[in-house]
Amino acid sequence: MATMVFLGFIVLSLYLALSSRKGGAPQSTHDFFVASRQFGAFLVFFLAAGEIYSVATMVGFAGGIYAKGPTYGIWFMGYILLAYPLGYFLAPKIWEAGKRFNAITMPDLFKGYYQSRGVELVVALSSILFLLPMAQLQFTGLIAAFNGLGWRLQPLNLVLIAAVMAFTYIAISGVRSSAYVAVLKDVLMVVAIVVTGLAVAGEVGVAKVFHVASEHVSNQMTAEQLRFSMSTILFQSLGFYMMPISVQFIYTAKSADTIRRTQVAMPLYMLMYPFLVLASYYALTRSEPLGSANEAFFVAAIHLLPSWLLGVVTAAAALSGLLVLTGMCLAIGSIVTRNLLPNLPENRQKAGSKGVIIVYLVVSILMTLTAPNLMLTLINTTYYGVTQFLPGILVILFSLRVRPGAVVMGILTGQIMAIILYVLKVDLGGINLGLPCLVANVVVMWALNQLRTPNTLGAATR
């Protein structure tokens, strides 16, 4: 029954994706990647939430709570909640700048403002580098979801199924199909988490679950752990809207006010987290140890829910992972065809991006299966890398006069310094290493910009 319900929702998602097509007319490049900037608050809300609350919410957050206790939740929920008010002010300005330069990708925005091929290339290449491993995170969650159905297939077969499904959504109508499917995914995800949490409360009891959890995980933080949590919350909230996929979703809105309305409503999603914590702690009340912390949420769903509801939970997890995977694919496909291949005609960019997406999925699968340690390292450095775009973005949003070369050197300084500190495991007394790297980025940019007064900033001064 669970498999039938799961497949039913997958078919429904494909129907929604097909429904997103605008008649039979050929889809333009701008429509394929950013929906011709036509989405209202409803679709932008679900599309943005689909990228934020992914399968990592049901797998990664639940596993972190199970293994590390409430201290993990403080970081996870803290940086998201702090990011929303920042996004209320920054995201509409990013939309306005994107419209001014007719941008589809984040590197388009840098190219349009700085009028520099060097800036465009650095942002494009580092975006791809730090986005590349994110597919593994989704594949890991999808494997956990499929296993929840009892599909004991080889990991290669499971990730191939996921890759084919993700590409199918993209091929139908690009970001439009992602937005339509996001509505279904978010409804299913909230239902799955709330129902599973309620099942735990009804079966075991809230008091008992938390009592058992207190015997297994600590809710105490040392001074160093507190510094790390607080500095990480600050750093990652600053980088939250620097993700190339987030910027591309911002471009889909029809106005800056549309973005503001979605930011006001975003925190409502956090109401599902108490139910997710309950579901995560349920695994601690059982005597059987988990094979992996990633299984924590699904243990509760498998043991407490009827078969048909398990199908709903699995569909929610699968669609959550697939939606983020399609967003990553669209971001990388457009960056390659527009920014790394600048001479590719616009009427060929959509077809070219599909080829790039296939290559990206194949490379991600191979690296997931053959070099998991490398992928894990890159995943952990994603925020270290993309947050270094922040100073350059702020220059654009506030129309400051900064030399392109200074911006490039600032970005590279921050990124290289972060990778070196991470690989060498340098201890900064608990401070998230990304923060001093971001400071170094700003200092280098400012110092180099003082060496010579810039003449003009191309489009920025016209």
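## Basis of the description

Residues are numbered from 1 along each chain as its sequence is written. In this predicted model, local features need pLDDT of at least 70 and side-chain atom pairs count only at pLDDT 80 or more, while totals for chains, interfaces and linings use all residues; side-chain values use heavy atoms, without hydrogens and water.

## Packing of α7 and α22

Helices here are DSSP runs (H or I, at least four residues), numbered from the N terminus. Helix α7 (residues 117-131) packs against helix α22 (residues 404-423) at about 25°, and their axes are 9 Å apart. The axes are lines fitted to C-alpha atoms over the stretch in contact, with angles from 0 to 180 degrees between N-to-C directions. The two helices are therefore roughly parallel (an angle under 35 degrees).

The contact (heavy atoms within 4.5 Å) involves G118, V119, V122, V123, S126 and F130 of α7, together with P404, V408, I411, L412, Q415 and I419 of α22.

T387 occupies the loop between α20 (382-386) and α21 (390-397). A polar atom of the T387 side chain lies 2.7 Å from the backbone oxygen of Y383. Beyond neighbours within four places in sequence, T387 contacts F235, L238, G239, M242 and L438.

## Surroundings of S353

Apart from neighbours within four places in sequence, S353 contacts F32, F33, G333, S334 and T337.

Technical notes:
Parallel < 35°, antiparallel > 145°, perpendicular 65-115°, else oblique. Polar contact = N/O pair within 3.5 Å; in protein donor to acceptor, adjacent residues only side chain to side chain.
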